[in-house]
Amino acid sequence: MASNRINSDILIIGGGAAGMFAAARLSEMGLRATVLEPTGQTLRKLRISGKGRCNLTNNCTVEQVMKNVMRNPKFLYSALDNLSPQDTMAWFESHGVPLKTERGGRVFPISDKASDVAAALEKSDVKIVKDRAIKILTEDGRVTGVKGEHGEYKADAVILATGGKSYPKTGSTGDGYKLAGDLGHTISEPKASLVPIETKEHFSEELWGFTVKNVTLSLYGNKKKPIYTELGEMSFARYGIAGPLSLSASCYIDDKQDYKIVIDLKPGLSMEQLTKRIQRDFDETPNTPFGESLGRLFPRELRADMVRLSEIPQDKPCNQITREEKERLARLTKNLTLTVTRLRPIEEGIVTRGGVKTGEINPKTMESKLVRGLYFAGEIIDCDAMTGGFNLQIAFATAETAARAILNTTQDGEATWE
C-alpha cells in the first residue's frame, strides 16, 4: 500500500467530544491539528447523547464535579481548574450555542438539539482524515507520528482521544487501549458504567419499557446502610431495570459483593400513611376484586405485577382482604426488592469504567509519563462519573489541558478564548 504522508503539528486520534474540542481549541491557538477518525464521521456519540439533546456539562462548582467522579477524581483537579463547567458554558455560548440549566444542574442547548453542540465543535478549520490508527510511531522515547491503515502521518504531538468501548456503533471500539498498551501503558479493565441492571426478578411484558417517576431507588451491598439512594425515575425492562436511577446505581456495582435494589414506589407517604390509604381505597370499593381496585394506587401497566408479587388473589373482594395482606401490600409498595445478577454488556453502557491508568499520565498536562509528546483526553482515561453532564465535562477539561500543554511546548504565552 502506498504511504500517504501528511505533516501536521498535532495529530488527534478520535473524532469524539474530547478529540474535537481539543482540535477546536488548538485551531484557536493557531496550531495545525489533524483528526484521524476511522468512520470519517465526527461526534456520533455526542449527537445521540441526552436522548438527542446533549447534556454537555453541569452548572456546578469544580468541587461538586469531583464529588460526582466515581474513579480518580483528584487526578482531574488541574484539568477542571483549566476548564470549569462555567468555562465550558461560556465557550459554547460564545460559539453560538445558547444554553439552559435544568434539574440537577444539567446544562442543555436551548434548542434541545445535540446537533447544535456538534456544529460548534466542527466550526474550526481542522482537517478530518478518514483512517484508523494502528500504531503510534516513536523515536528515542518521543512521538514522531502515527501509522494508519491507509497512510503514515508525521506529527510533533499526538492526542489519544479514542473514547472507551461503550456504544461501539458510534466508533468507540477500544482501539485506543491497544495503541496505549503497545507503548507500555497499563490499562485498567474496561467495564460498563452508567448501564442498565439485570435482576433475578422478572416483570410482565406489559411493564417492559414502562417508566415510573418520583420513586426512590436504594442500592444495598453487604451492609445495612445503602450505598446509593436517590429520588427520580426509572423504567422496567425484560432483563431488569433501566433509566436514570438504574444508570446511576450501576456506577457503584462491582464484582466484590452481592447487591440488592429496593424501590419505594410511594416515597411521599410513610408506611403508616400508605397503609391508611390502602384501607381507605378498599373501604370505598368493598366488593371490587383486588386486582381491579389497585387503579387508584398504581398505573395500569404496574398492577398485574403488584398483584402477583403481593400474593393476594386478584379476584378476592376488597372487603375480604386481611389486615396482614394489606400490610404486606404496603411493605411491597415501599420496599420492592430486586436481586442484582449483573450489569448489562459494555456495549449498552453510556460510558466506560477503566482505561489508561492515571498514575501514568501527568495530571497537569495530560501528557504520558512514558512517551514524550503523547497526550490523553476523554473517556480513554480511567475516570468516569455519574450522569448529569459530568462525563462530557471531563472530556472537555482534559482536552483543554492537553491543548494548553501542547501550546506551551511550541511557543511562549498562552492563547485564550475569553
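User: Hi! What should I know before we start?
Analyst: Residues are numbered from 1 along each chain as its sequence is written, and side-chain values use heavy atoms, with hydrogens and water left out. In this predicted model, local features need pLDDT of at least 70, side-chain atom pairs count only at pLDDT 80 or more, and totals for chains, interfaces and linings use all residues.

User: Great. Where does Glu-37 lie?
Analyst: You'll find Glu-37 in the loop between β2 (33–36) and α2 (44–52). Helices (H or I, at least four residues) and strands (E, at least two) are DSSP runs, numbered from the N terminus.

User: And is Glu-37 buried or exposed?
Analyst: Glu-37 counts as buried because its relative accessibility is 7%. Buried means under 20% relative accessible area, exposed over 50%, and partly exposed in between (1.4 Å probe, protein chains only).

User: Which residues does Glu-37 touch?
Analyst: Leaving out residues up to four places away in sequence, Glu-37 touches Gly-14, Gly-15, Val-129, Lys-130 and Asp-131. Contact means heavy atoms within 4.5 Å.

User: How many residues apart are Glu-37 and Val-129 along the chain?
Analyst: They are 92 residues apart, yet their C-alpha atoms are separated by 6.2 Å.

User: New topic! In what order do the six barrel strands come?
Analyst: The barrel closes in the order β11-β14-β13-β12-β15-β16, with antiparallel pairing. Two strands pair if DSSP finds at least two bridges between them.

User: Which residue stands opposite Glu-198?
Analyst: That is Gly-240 in β14. Strand β11 (residues 197–199) and strand β14 (residues 240–242) pair in the antiparallel sense over two bridges.
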